[in-house]
Amino acid sequence: MIIRNVTVIDGSGAAPIKDAEVVVTGERFTEVRPSAPDAVPTGDEVVDGRGGYLIPGLWESHTHLAGYAASLPEPEQVPFVMRALADFLATGITTVVDLGGSLAIDHAVRTQADPGGAAKLFFAGPVFTGVEGWPLQAHGNPAMARQVSDPDQGRRLVLELAEDVDFVKFIYDGDPGAPDKLSRRALHVMVEAAHEAGKKVLVHIRTHADIEDAVAAGADCVEHAPLPSGDDDLTEAGKLADLLASSGTYYCPTLVTWEQLGHGGDTGYLRELLVDGIIDEAGARAVAARPGFGRPFPHHPAQESMARFRYGMRTLPIMHAAGVKIVAGSDIALTIPSPPLALLRELQLFAKAGLSPAEIIVTATRHAAERIAMPSYTGTITAGSVADALLLDRDPLADPSALSDPTSRAATICQGTVLPQG
């Protein structure tokens, strides 16, 4: 297949390639070259981009599909995840990274996944936490989290799980020394074990000190914007940014998580989402009618969540300026109608925080792929990479709303196949 007459924004952060054509062989990109309209090899399928813009398929880098599905009756679990993956793909999100849930559900989904109808799923399976640590405090489901009481046990559990998952995730949240929080020693030993098994490590954190410990242990990415120590002093954020940049640790702030939890049942927030095009009137009514709308969320009080949101927004430009590799992920969709829309909101928040459109695309493509290092899934339009892409009819570098506006999507390409729109 040849995709013609497009400007290629390849996800690497490089300058756009104008008047290009992209060659796809099987499921891979094989060449990006200048358009040559008079040279059409016999038998090639030609897709006329009509002056559009080709970007890599977007990645959702932090969600919990299998975690939510585990709360449903068993016959509904796998169908729920499959529908969600189909919704992601219909939104232009070609790859989904699940950061904690039932391994049985993950494996069942993988055996049923259809690349023509669902986004690709990569998963961590159950997370590792302390004794009765988060998230066991909320749901108590041992299929979703493995408790660690000492470093040797933690190492053994990591090595047992590693062959069944794509990467591993640790919860490093709680008071230091408390049994519900992994010890520093356990964190170091378990990260080392995961790396021995060839798996990347993603670490859920709460505070600046948690991030420092995670980086010292060798974490590949820290998840969530931290709780600030103070309201106004950003000196601490500058030091943290330098630490993440110098260590090469990725940072997935999940700003939309803290925005949703911070606003709680505020209907004014739904109006803001409506104005920004994330939801429509029907979506706003549906969210407001949910039984849990406005109820406190366990473990994350609204005031603390709003502090993390505001701090994350203020410090994101500091992180970027320092060279931190930022990754786009949403985590939850409590006051947003669906998980795919939560990721699009995260990209909007990145723009509101001051990231340029080119930088935002990298957070949801190349950085997302590098963070978990799956072979041939590079998040870029380069020779040898899996051929996932979006064809847009508006320039996302001039108008970042093209990433979230469904009317701008002319086509979605998933593993080398052009999918019908609508």
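Colleague: Where does P135 lie?

Modeller: This is a predicted model. In it, P135 belongs to the loop between β8 (127-129) and α4 (136-139).

Colleague: And what kind of peptide bond joins W134 and P135?

Modeller: The bond is cis, with omega at about 10°.

Colleague: Turning to phi, what is the value for D19?

Modeller: Phi of D19 is near 50°, which is positive, and the residue is not a glycine. D19 is part of strand β2 (residues 17-25).

Colleague: Is D19 buried or exposed?

Modeller: D19 counts as exposed because its relative accessibility is 59%, and the cut-off for exposed is over 50%.

Colleague: What about R50?

Modeller: R50 is not a glycine either, and its phi is positive, at about 50°. The residue sits in strand β4 (residues 46-56). R50 is exposed, having a relative accessible area of 66%.

Colleague: Now the open sheet: in which order do its strands come?

Modeller: The order of the three strands is β5-β6-β7, and the pairing is parallel. The edges are formed by β5 (58-63) and β7 (120-123), each of which pairs on one side only. On average, neighbouring strands in this sheet are turned by 20° against each other, direction ignored.

Colleague: How many bridges are there between β5 and β6?

Modeller: Four bridges link β5 and strand β6 (residues 93-98), in the parallel sense. W59 stands opposite T95 of β6.

Colleague: Which strands does helix α2 lie across?

Modeller: Helix α2 (residues 74-90) lies across β5, β6 and β7, and it runs at about 140° to β6.

Notes: Residues numbered from 1 in each chain as written. Predicted model: local features only at pLDDT ≥ 70, side-chain atom pairs only at ≥ 80, totals over all residues. Heavy atoms only, no water. Helix = DSSP H or I, 4+ residues; strand = E, 2+ residues; numbered from the N terminus. Buried < 20%, exposed > 50% of the residue type's maximum accessible area, 1.4 Å probe, protein only. Pairing = 2+ DSSP bridges. Axes fitted to C-alpha atoms, helices over the stretch in contact; angles between N-to-C directions. Contact = heavy atoms within 4.5 Å.
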